[in-house]
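Visitor: I would like a guided tour of this model, going from helix packing to charged pairs. Could you take me through it?

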Amino acid sequence: MPVELQGPVRVRFAPSPTGYLHVGGARTAIYNELLRRRLGGVNILRIEDTDKQRSDEAMTRQIIDALEWLGVEIDEGPFLQSERLERHRGEALRLLAEEKAYHCFRTPEELDARRQEILGRGDSYRYKTAFGVPTRDEAERRIEAGEPYAIRLKVPDEEIVVRDLVRGDVPFPAEAQDDFIILRSDGTPTYHLSVCVDDVDMGVTHVVRGEDHLSNTPKHIALFRALGAEVPAFGHLPLILGTDKKRLSKRTGATSVEEFRDQGILPRALYNYLALLGWSPGDDRELMSREEMIEAFSADRLLKSAAVFDPDKLAWISAQYMFHSDLSVIVEHLRPFLTEVGLGEAPEERLRELIEVHRLRAKTLRELAEQLVHYFQDGIDYDDELTSKFRRQAELPTLLEELSAGFATLDDYTVDATEQVLRDLATKHEVKAGFLIHPTRIAMSGSKTGPGVFDVVVAVGQEEGKRRMSAFVEYLKANPIETEAE
RNA sequence: GGCCCCAUCGUCUAGCCAGGUUAGGACACCAGCCUUUCAAGCUGGCGACACGGGUUCGAAUCCCGUUGGGGCUACCA
């Protein structure tokens, strides 16, 4: 096993609180957790809220809630990067004192103009060659004169190789290195500085993050070296794409963990789906518990290429979890959806019976909640369209009355017993069982689809079932459709 | 423009590193079975190595190139 894949590890998930928790970020968090569980160690949450204009506390809270809901366990944190700005600045000044960094007096405008000019004539731009380092005297003079300055890191003119857990060794040529700004002229640290100082301070051993940072990694390696710190191992994860093959965006559907929660996806289902989007255990397993994933997880099996987020497959996994999860898990997560449909007070015992009957037919918690509504209503509003077929059958009300009477006499009101009653009655009157079954389903649930009728009959209950059957018979009698004589 | 990353069924992927498979599985789709409905389940079908050169007896697998996606190239993160 390569040394990079040995524990214990200290990993971190470091989102910017600029919105909801994006599924790409969630997946990064999952891989960090899986790595930490597999190898032992610590999982750190760090909120990168240095860009005050784009961050706010509510968003930070939202991200923490979403992680908790998803079931990603955090061992340390959350740490707020915004509270460590002085520390970052201090390190920049230290690098300056050690002459590993230098003053840059060029204004952004000046920099931009020169860059445009050089790029314009087809040459490649580097600050290093375009401007260079001011002499110590010059620097002192200009500081004294009160000129504003930024601080740049002196990046050695040499090839930097990123040893990446996902992509292998990625070399960046010496000509690609440039002296970048670590402290702005207003005294605030740049992202690169903050990240590296924090990673050093927090003892991070493995940096697992999005692919968009791969090109930044040589900068970070240069910084770690300048800081005199050990360079952590890196792993850069590919992007998640929408069905249009472009970066996942609102255009093509839900993008945040919160949205899937609100759709009624079980957290473990989302976790399972996301974990398999860019990683596989190497065999054909797809439905895996978190424990199984931890057991099978290996960072070197992380995929290199971008993956399209497929709502259909998520729906399938969700349905699987709806069917296989413990009842108590379903009940727990179903609560908010019950509240939405006005069933907030439904007793747990009753819910468990009904969930057992309906879970196979609901892909999401939301669908499940909607299917349960009618059991808690006093009666059913029959749909004229759905019942039209039955309203043409003049003999039906009488048969249903007899069926209802049969149900009423049962001592053991079970699926088998009610089925027996119905089938006997059908035989007696020489009609097909289906002739009675379909109207019974409508009578009991108001719907033409759903679980097996006898399950529904029993789930509705003997008392309420009788009332519903009577009401349905009344409805049929009151709204008959005359069939035209041939 | 420069630097870097990526490329197997429509989608997620196994296989690639240690060349020899009828290129396997899953979702979706289609058909059949089951059946009181709708699902679920079961069985079967459809369907891929981006392209072009090498190397080799033999290439999805190794090398080069092309094309196509993407990232970085900021006093954004």
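What follows is a set of questions and answers about this model.

Visitor: Before we start, what kind of model is this, and at which pLDDT do side-chain atom pairs count?

Guide: Residues are numbered from 1 along each chain as its sequence is written, while chains are lettered from A and ligands numbered from 1 in the order in which they are written. Side-chain values use heavy atoms, with hydrogens and water left out, and this is a predicted model in which totals for chains, interfaces and linings use all residues, local features need pLDDT of at least 70, and side-chain atom pairs count only at pLDDT 80 or more.

Visitor: Let's begin with H19. How far apart are its end C-alpha atoms?

Guide: Helices are DSSP runs of H or I with at least four residues, strands are runs of E with at least two, and both are numbered from the N terminus. The expected span of a helix is 1.5 Å times one less than its number of residues. For the 13 residues of H19 (residues 433-445) that gives 18 Å, which agrees with the distance between the end C-alpha atoms, 18 Å.

Visitor: Which helices do the buried residues of H19 pack against?

Guide: Buried means under 20% relative accessible area, exposed over 50%, and partly exposed in between (1.4 Å probe, protein chains only). Because 11 of the 13 residues of H19 are buried, this helix is largely enclosed by the rest of the structure; among them are Phe 435, Leu 436, Arg 441 and Met 444. With contact taken as heavy atoms within 4.5 Å, the buried residues of H19 pack against H16 (384-391), H17 (396-408), H18 (415-428), H20 (453-460) and H21 (462-478).

Visitor: Which residue follows H19, with a positive phi?

Guide: The phi in question is near 80°. The residue that follows H19 is Gly 446.

Visitor: In the loop between H18 and H19, is Glu 430 buried or exposed?

Guide: Glu 430 has a positive phi near 55° although it is a residue other than glycine. It is found in the loop between H18 and H19. With a relative accessible area of 73%, Glu 430 is exposed.

Visitor: How are H16 and H21 oriented to each other?

Guide: Axes are lines fitted to C-alpha atoms, for helices over the stretch in contact, and angles run from 0 to 180 degrees between N-to-C directions. Under 35 degrees counts as roughly parallel, over 145 as roughly antiparallel, 65 to 115 as roughly perpendicular and the rest as oblique. The axes of H16 and H21 come within 10 Å and cross at roughly 75°. H16 and H21 are therefore roughly perpendicular.

Visitor: At what angle do the axes of H1 and H10 cross, and which residues of H10 make the contact?

Guide: The axes of H1 (residues 23-39) and H10 (residues 267-275) come within 9 Å and cross at roughly 85°. On the H1 side the contact includes Val 23, Ile 30 and Leu 34. On the H10 side, the contact is made by Tyr 271, Leu 274 and Ala 275.

Visitor: How far is Trp 69 from Leu 266 in space?

Guide: Trp 69 is found in H2 (residues 57-70), and its 16% relative accessibility makes it buried. Leaving out residues up to four places away in sequence, Trp 69 touches several residues, including Val 257, Leu 266 and His 333. Trp 69 and Leu 266 are 197 residues apart in sequence, but the distance from C-alpha to C-alpha is 9.4 Å.

Visitor: Now the charges. How many salt bridges does the count come to?

Guide: Side chains of opposite charge can pair when their charged atoms come close. A salt bridge here is a side-chain nitrogen of Lys or Arg within 4 Å of a carboxyl oxygen of Asp or Glu. By this rule the count comes to 44.
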